[in-house]
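Let's take a walk through this protein together. Have the fold open beside you as you read.

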Amino acid sequence: MAMDQYLQGLFVLVKDPSADVRKLVCSAWVQLIEVRPSILEPHLKNVTELILQANKDSDDEVALEACEFWSAYCDVSMPPEGLREFLPRLIPTLVSNMVYTDDDESLADAEEDESFPDRDQDLKPRFHASRLHGSENGEEDDDDDAVNAWNLRKCSAAGLDVLSNVFGDDILPTLMPLIQQNLARTDDESWKEREAAVLSIGAIAEGCITGLYPHLPQMVAFLIPLLDDKFPLIRSITCWTLSRYSKFIVQSLGHPNGREQFDKILMGLLRRILDTNKRVQEAACSAFATLEEEAAEELVPRLEVILQHLMCAYGKYQRRNLRILYDALGTLADAVGAELNQAKYLDIFMPPLIAKWQQLPNSDKDLFPLLECFTSIAQALGPGFSQFAEPVFVRCISLIQ
């Protein structure tokens with residue numbers, strides 16, 4: 001009954017000098033559109049205009065709260081035409097907010113493994129759920145809270161992803177000139193803008209694939225050299241972006257130069273799995289697991305070199321990335337199946353895994369991702385797993401007891 005007065009109060013407070021108040025106003029509109037979108041419909045144009053302005057607020061928390069509105073709008077299936085007229089201004093705002101800030105950059109200064117503390121790092125955005133049991137163990141360090149925190153950059157990328165799924169190729173005339181402009185800036189000072197452009201390409205992989213597909217070979221050819229870029233965050237986001245196009249890269253294997261391009265991506269990701277930067281290692285390992293799922297038997301000719309790279313990483317990875325490596329190994333086993341059951345392959349990866357299995361105490365949560373990896377390997381090897389079964393079975397029985 002008091003909704004009209006309440007809305008008028010929100011309109012008055014939208015330019016309040018207090019950032020905390022402005023943030024709460026944006027939060028209120030987000031909650032209203034999630035719970036009772038019909039209430040906002042008569043005011044939608046005004047609200048959207050104010051949210052767009054708030055998305056550029058000098059206070060990042062206000063801008064973040066406003067940015068949540070775009071995904072909420074699309075999630076409740078509001079008529080998309082209500083947003084269409086705002087796209088020419090909204091898309092540049094999202095792309096601008098996807099550029100790393102100095103604070104973001106300081107969280108990613110991990111260089112050599114030997115000099116970097118063992119802490120669980122999480123590269124975002126990743127728009128797919130991990131199958132890793134260990135990623136939600138509630139034992140993250142304080143450092144990880146900062147790295148994993150939801151922020152304006154991640155929210156803007158997620159918003160662009162959602163918009164691309166609602167409007168499809170219609171956003172490309174506005175977005176692509178921005179991407180091309182940022183990618184054309186090749187000086188060292190502009191690396192953050194280039195990184196945001198690569199992130200944008202990844203964010204629209206699903207929603208805009210119809211318009212992008214004819215240009216995919218050229219786009220992928222442009223991305224491949226960025227796997228070796230001097231800036232770690234460009235290398236890491238390029239891994240993620242390429243993984244978003246894995247299905248289409250594999251579908252293009254029969255096209256001219258498709259096989260050559262696939263091999264370049266595969267070998268590029270394997271190089272980055274052995275990167276000296278932990279965040280790049282994580283991004284590459286996760287991206288490679290995605291590629292494995294799509295490529296399946298296409299990986300067989302490269303099995304030996306794949307296993308050699310993965311086990312080289314196994315010798316240098318620390319706890320967080322080791323869990324992701326188990327996932328990549330298990331996914332490889334799922335992808336190639338019985339092809340893995342050859343002595344030359346087993347000799348590469350099984351002895352180190354069995355040694356780790358026997359080394360970890362029963363209380364160590366790293367047993368769970370390793371056991372999941374063994375499950376996939378056992379299914380792939382079939383009777384070939386019998387030579388390794390005893391130490392695994394004995395340990396499993398002790399865990400059950």
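Helices here are DSSP runs of H or I with at least four residues, strands are E runs of at least two, and both are numbered from the N terminus. By that rule, R22 is found in helix 2. Before we go on, note that this is a predicted model, in which local features need pLDDT of at least 70, side-chain atom pairs count only at pLDDT 80 or more, and totals for chains, interfaces and linings use all residues. Residues are numbered from 1 along each chain as its sequence is written, and side-chain values use heavy atoms, with hydrogens and water left out.

Is R22 buried or exposed? R22 counts as buried because its relative accessibility is 14%; buried means under 20% relative accessible area, with a 1.4 Å probe and protein chains only. Leaving aside neighbours within four places in sequence, its contacts (heavy atoms within 4.5 Å) include D16, D57 and D59.

Now step back to the whole chain. It has 23 helices and zero strands, and 56% of its 401 residues count as buried. Among contacts between residues at least 6 apart in sequence, 75% join residues at least 24 apart.

Helix 4 (residues 44-54) has buried residues too, among them L44, V47 and I51. Their cover includes helix 2 (19-35), the helix that holds R22, along with helix 1 (3-13) and helix 5 (60-75).

Of its 139 residues, W29, Y245, F349, M350 and L353 touch the most other members. Not counting residues up to four places away in sequence, L353 touches residues including Y314, Y326 and F374.

How values were computed
Buried < 20%, exposed > 50% of the residue type's maximum accessible area, 1.4 Å probe, protein only. Core = buried A, V, L, I, M, F, W, Y, C linked by side-chain atoms within 4.5 Å.
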